[in-house]
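I opened this model to look up its sheet, its helices and the contact between its chains.

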2 protein chains.
Amino acid sequence: MKIVAAKKLLKANDQLAEENRENFTRAGIFGVNIVGSPGCGKTTLLEALFGRLKGRVKPAVIEGDIAGSIDAERIDALGVPVVQINTDGACHLDANMIAAAARDFDWEAIDLLVVENVGNLVCTAGFDLGEHLRIVVLSVPEGDDKLAKYPAIFQGSDALVITKTDLLPYIKFDVDRVTGDMARLAPAAEIFQVAALQGEGIDSLAQWLAGKCPAAGL
Amino acid sequence: MKIVAAKKLLKANDQLAEENRENFTRAGIFGVNIVGSPGCGKTTLLEALFGRLKGRVKPAVIEGDIAGSIDAERIDALGVPVVQINTDGACHLDANMIAAAARDFDWEAIDLLVVENVGNLVCTAGFDLGEHLRIVVLSVPEGDDKLAKYPAIFQGSDALVITKTDLLPYIKFDVDRVTGDMARLAPAAEIFQVAALQGEGIDSLAQWLAGKCPAAGL
């Protein structure tokens, strides 16, 4: 039996994440880790983004889910290379899973690697995957109090994308409260508002993301 | 330094949960564990339920959150006894936390103890708190694919409450897919559909819950 302390595991994860990041950087691949609650619209956001980025950026996706391949099938339908990780109960991805999954891609053929993490506003906060930036997604129906209740995941993110803004007319949601809370928790973070199914707000997010990819045709 | 294997911790949790359950039963208190994603509407559901159950059931609430006391303040405003647990980063409540928090209540004065777990569709699945039944909440905006993607939490629940049904006209959500998936994962589970802010569907859920409380005035 091998017993490993949680702190040591986290340290090992951080070292492996650093290796991932160096490998991606050397290969000219920009890595993004997308986190958010179950059903906040991460996959729908990717579908809209890849539509806008077509011909400018060559993306690939690693999908993290407890079970099944629903999200990977949606990405595959776009013609974007995708690997599905089934965590079999585990509540977040880690750097080791990413290192293994990324080997499946032709690194010459991609310049943006997006990891869609397991839907979880808590456990994904503590695990660096080796990404260059982390985007946290908050959907309007989740409510405007989520930054106060789950601060860690917002604090460590480089951008906040507020999704499902088409539902604002039907839901009590104070956008100013959310942007104010984000400004306090992560002053340097970018904030975007989108309605991905309607394509609203996708342009500026796509432009910002493409600007981060070293090899993107802007 | 003390190193404890995760499996042993889970076993210890199960034993403590069993003690909680026996203590609650002996005291004539019915225990409910409410789980679901961040922002699925757990607190709003409780507000609506306690309105309907007033004078029939004497409830108390344990609120689990990463940080803050937003939910506890909402429950307190209803005049319902409430204890807020701040997990300080931990992604679920455990039986030990419940045993400690429950000591704060006057057990003679309550007959329904509701635990509102941390918003998390993954990690809360593995931890018995000593409840008599577990209710999983799924909100319409989260999408109809959640049972396929997060099966464990639905499988182990005694009831599914579909919330925010007032948003059905604005969102692609197949109720039949959800009820079909639930029938497969948890054939014995009750299924309710509610729009808590509008009070729709609350009556039958309140009636069912009151019927479970040994001391409730029905």
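My notes on strands, helices and the chain contact follow.

**Entry 1: the sheet of chain A.** I note at the start that this is a predicted model. I looked up the strand order in chain A and found an open sheet of seven strands, running E3-E2-E4-E1-E5-E6-E7, with parallel pairing. The edges are strand E3 (82-86) and strand E7 (190-193) of chain A, and each of these pairs on one side only.

**Entry 2: one strand pair in chain A.** I picked strand E1 (residues 30-36) and strand E5 (residues 133-139) of chain A, which run parallel and are joined by five bridges. Which residue stands opposite Ile34(A) in E5(A)? I found Ile135(A) there.

**Entry 3: helices across the sheet.** I looked up helix H2 (residues 42-53) of chain A and found that it lies across E1, strand E2 (59-65), strand E4 (112-116), E5 and strand E6 (159-163) of chain A. Its direction is at about 165° to E4(A). Helix H7 (residues 175-185) of chain A lies across E5, E6 and E7 of chain A, and runs at about 165° to E6(A).

**Entry 4: a strand pair and crossover in chain B.** I turned to E6(B) and E7(B), which run parallel with four bridges between them. Val161(B) has Phe192(B) of E7(B) opposite. I then followed the chain from E6(B) through helix H7 (residues 175-185) of chain B to E7(B); this β-α-β crossover is right-handed.

Entry 5: I asked which residues of helix H8 (residues 202-212) of chain B are buried. They are Ile202(B), Leu205(B), Ala206(B) and Leu209(B). These residues lie on the same side of H8(B) because they cover an arc of only 100° around the axis. In general, an α-helix has 3.6 residues a turn, so residues three or four places apart point the same way. On the other side of H8(B) I found Asp203(B), Ser204(B), Trp208(B) and Gly211(B) exposed. The cover over the buried residues of H8(B) includes helix H2 (42-53), strand E6 (159-163) and strand E7 (190-193) of chain B.

**Entry 6: the contact between the chains.** I looked up the contact and found 32 residues from chain B and 32 residues from chain A. On the side of chain B that touches chain A, the elements giving two or more residues are helix H5 (146-149) and helix H6 (151-155) of chain B. H5(B) gives the most to that side, with three residues. By type, I found that the residues on this side of chain B divide into 18 nonpolar, eight polar and six charged.

Methods. Residues numbered from 1 in each chain as written. Chains lettered and ligands numbered in written order. Predicted model: local features only at pLDDT ≥ 70, side-chain atom pairs only at ≥ 80, totals over all residues. Pairing = 2+ DSSP bridges. Contact = placed C-beta atoms within 7 Å. Axes fitted to C-alpha atoms, helices over the stretch in contact; angles between N-to-C directions. Buried ≥ 20, exposed ≤ 12 C-beta atoms within 10 Å, placed from the backbone. Arc of directions from axis to C-beta. Nonpolar A, V, L, I, M, F, W, Y, C, P; charged D, E, K, R; others polar. Right-handed = clockwise from strand over helix to strand, strands pointing away.
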